[in-house]
Amino acid sequence: MVFVPILSGVLLVTIAIGTAAALIAWRERPEPGAVPLVVLLAGQCWWSAFLIFDLEAATLGAKVFWANLRWIGVVTIPVGWALFSLEYTGRDRYVRPRYVVLLSLVPLLTVVFALTGNPLLYTDSTLVVEDGLSLLDRSPGPWFWVITAYTYLLGLLGSVPLLGLIWNDSLPFRGQSAALLVGIMAPWASNVLFLMDAVPLPGLDPTPVAFSISGVAYLGALTRFRLFGMSPSPNPRARRLLFERMPDGAIVTDGHDHIVDSNETGAALLGTEPRCALGRPLREVVPDESLVPTDGSVSEQRLFRSPHDDRLYDVTATRITDIHDRTIGHVITFHDVSEHVRQQQRHEVLNRVFRHNIRTETNVISSYADLLADEESQGVADEITASASRIDELATKARETIELFEQGREPADPVSLASLLDDGIATVRERYPAARIERERDLDDIYVAIVLEPVFENLIENGVEHNAGSEPSVRIEVEPDGDWVRVRIADDGPGIDDYERSPLERGTETPLEHGSGLGLWLAKWGAELAGGSVTFGANEPSGSVVTVEVPVLTPSGASGHRSTERPSDDQ
Amino acid sequence: MSRRNYTLADEGSATAVLLGAVLARLPSSSKRAWNALVYSSAYLSLIAMAEVVVVSVLLSLPPSPAAIVVGLIVFAVYTNDRLADADTDAVSNPEQAAFVKRHRDVLYVSASVAYGLAVALSVLGGPVALAITLFPGALWVCYATDWIPGTGAHVRRLKDVFLVNTTVVALAWAVTLTFLPLAFADDVVTTPTLVVFAYFFLRVFTNTEIPNVRDVEGDRAIGVLTIPVVVGVDRTRWILLGIDCGTAALVVLAVHAGCVPAQLALALLAGIAYSIGVTSLLGRSENARLLAKAAECEYLVVFLVVALIVVFI
C-alpha cells in the first residue's frame, strides 16, 4: 500500500508542473501553438487529477464515475497535440473552427459514451485488488479501440511536422522539437506498455505518471528553448509567399506534364489565371512544344516569347525528384530577359559603331588633313590628325568598356596574373618604346579574373602617356595576401589630378565634376567586376600609385575555392 | 482580482520617510527581501493564510493544506494582476510598478509555479477543493483580461464594470477562504458556514473600495467606475460604514442564533471596530495609501484576537 502515496505524489508533481507550464504557455498568446499547448497540458492535468480521485475512491461506482470523467482529459490531449503541431509549424490554415470541430468529433463521441456508460466503450467494469490496492478492471468495447487508434493517429500526425524540425539547421528549433517529441513520446510509450499488459499493475494505466516527464519537457521547451520566443511557423508561408510574389513566372507540372501549381506571373504570361490553368495539360495551355520538358533528366534553358505580353523569357525547367531520384514533375520558371536582350542589341550596335564607323571617319579626317597640309598649315594638319587619333582611342576604350561588361556577365575565367601583366606591358611598350616598365618576377602561381586584362593595360598606359619626361618609368609590384592579391602600379609622372580621382572615388560624375577620359573608369569597373577594388595614391617623389586589389582564383582543372572575404588592412 | 494595494514605502508621506530611514539601516539583502515581500504581493498571501486559519477556527475545522493553497492562489492571482496593470500602476504606484517590470519574467514564472502547486495540493482535498482552487483563476481571467479564448473577441473586462468589479473580488475571496478549508475537511455547508461566507464577503467588499477613494481622480480620468467615482468620497465613507455596521449586526445575530461562538465573535467584532476606525478616516486623512494598507491589516487584528482567545480561553 506504500505504492499509492508514491503514485499520488508523482501525479501531484505532474499536475503542478503541468499547470505551471500551461500558465506560462497561456502568457504567450497569441503566439502560434500557445493555446493548443495549454489545452494539451490542461488535458494532462485533468487526467492525472481524476486518476488520483479514482485511486482514492473506495467503491466500484465511485471509481467508474471518476474513470469516466477522466476521458475528458484523455481525449483532449491528442486534439491539443495535433492542433499545436499544426499551428507551431505554420500549418495554421488547418486550425480553423470547422477543422477543429471535425477533429473533435471522435473525442466528443467518446466522452458521451463514457459519461453515459455506453457498452461500446467498456463492456464490463469490475473491482480488483492488486497488492492491497483496489483498482478498476474494465473490458474494452469496440469504441475503445477506435479512440485508441484515433489518439495514436493524431499523435503521429502531430509528430511528423516536428520530426522535420529535428534536422533543421537552427539549433533552437532542433531543441524545441526534441523537447516536444520527448513530451509526447513518454506518455505514448507508457500507454503502449499498458495496452500490452506489460505494466506491474494490469488495472493501472501509468500514462499520467509519464506526464511528469512531459511536463518537464514542455517546461524546458518553453523556458530553455524559448518555444514561443522563436517560432518556425512563418517558414511554410514564407516559401509560399516567395513563390506567389516572385517577379519571375513559375509553373509546376507533375510527371504527366499537367499544371499543378502556378503563380500569378506565370499564369499571366501564358494568358490565363492560376485557377483556370490548374489541372490542365501544359501543352493545352501553351501550344508551344518547346516549353514542355523533354527527358526531364537535366535542368534546361530556352527562350520563349509570350504571345500575350510580347516579352521574351528565359525559360528554365528544373526537375523535381522523389527520394529515389525519379522525376515526378518540373518547376518551369520564366525570367523576363526582354530588357537584357535589348541591351545586348544596343551593345552590338555600339560596338560596331565604335569599332568600324568612328575608326573609318577618323581615318578619313587624318587623310584629308594630310592632303591639305602644306608648309604653312602643317602644324594645323598635325593637330587635326592628333585629335582624330584621340577620338579613335576614345572609341577603342568605349568598345573595351562594352566588352568588359559583356565579359563580366560570364563566370570568372582564371588567367595567370603574370601573363596579363606581360601582355599589358608588351602593348604599352609597342606604343611607347622609350618607356621603362618593370615588374616583379615569380608570379606564375597567381591566377586572377580575365576581365582584369584591360584594367592593367590601361593603368600601365596611363602611367606612361601622361609623363612628359624622356624616359617615363612604371614599376609594378605584386603582393599576395592569402586569397587576395594587391597589384601596385607606380609611375614617376605628374600624378593623377584630384578632378580625375574624385568622381572615381565618389562613383558619379556631374556636368561640372568629371574626368577627362574612360581609362580610369574602365580600370575601376574591371576591378569591381573581378570582385575587387582600385585605390589611388601619390608616389614619392612624384607620380601616382594605383593599387588593384582582387581575389586570387583557382586555375581551371584544379580543386579549391575562391575567397571573397577581403583581408584586413593590418595584414 | 485586485484589492488595490499600496506599500508602506510609498513616496510623499511621513511613513515613507520613516520607513526609508529604517530601510537605510538594513543590509541590502534585507531591503530586497522587504521589497519582494511588499511589491510582489507575498505579504497578501500571509494575510490570506491567516484568514484561512480564522475560518478554520470559526468553523471548528481540522488543520489542512487549505491555508497553504489559499496563500499560493493569492500570490499567483495578485502577482498576475500586478503584471497586467504594471503600466497603469506606473502613475499611482511607481515603485511597485518599477519592481514588477524589472522582475516581470521571474514574477510570472513564480506565480505560475505557485498556482501549479496550489492546484496540485488542492487535488488532495478532492474534486470540490480542486474546483474552488480553479475558481479564482478562472474569475481573474474574466476580471482582468478582455479576451475570450478561441474567438479572438474582445469584451469589456469585469474590472471596469461598476460594482461588478468589487463584487467579483469579494466573491472570489469569500468563496475560497470559506469553502476551501471546508472541502479539505470534507465537511458540509451549514448555517455557520454561510455566516462566515457573508462576513468575509462584506469585509473584502469594504477593503476593496477603500483604496478606490485615493484613486478617484485617476479612475475618473480613465473611465473606471467605482463607488467613490459615482457617489463621491463622503457618501462612500457612509456606505462603507453602513456595511461595517451591517457586518457587526450579522455577527451579533449569528451569535444569537448559536452559529458563532461568542468568544470568537469578539474577534470578528474587534476587526469590524478596527475597520470602522479606518473607514471613518476616509477623505479626512491625507495618507490614503496608509489607510488602504491599514484596512488590509484588519484580518491580522482578527487573527491575533482569535489566537489570544484560543490560547487563553
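**Loops, a kink and a chain contact**

Analyst: A:Pro541 is found in the loop between β13 (533-538) and β14 (544-551) of chain A; strands (E, at least two residues) and helices (H or I, at least four) are DSSP runs, numbered from the N terminus. The peptide bond leading from A:Glu540 to A:Pro541 is cis, with omega near 0 degrees. This is a predicted model, in which local features need pLDDT of at least 70, side-chain atom pairs count only at pLDDT 80 or more, and totals for chains, interfaces and linings use all residues. Residues are numbered from 1 along each chain as its sequence is written, while chains are lettered from A and ligands numbered from 1 in the order in which they are written.

User: Where is A:Asp325, and is this residue buried or exposed?

Analyst: A residue is buried if 20 or more other C-beta atoms, placed from the backbone, lie within 10 Å of its own, exposed if 12 or fewer, and partly exposed in between. A:Asp325 lies in the loop between β6 (312-321) and β7 (327-336) of chain A, and is exposed, with 7 other C-beta atoms within 10 Å. Its phi is positive, near 65 degrees, although A:Asp325 is not a glycine.

User: Where does the kink lie in α4 of chain A?

Analyst: A bend is the angle between axes fitted to the seven residues ending at a residue and the seven starting there. In α4 (residues 97-115) of chain A, a kink of about 45 degrees lies at A:Leu105, shortly before A:Pro107. Among the buried residues of α4(A) are A:Pro107 and A:Phe113.
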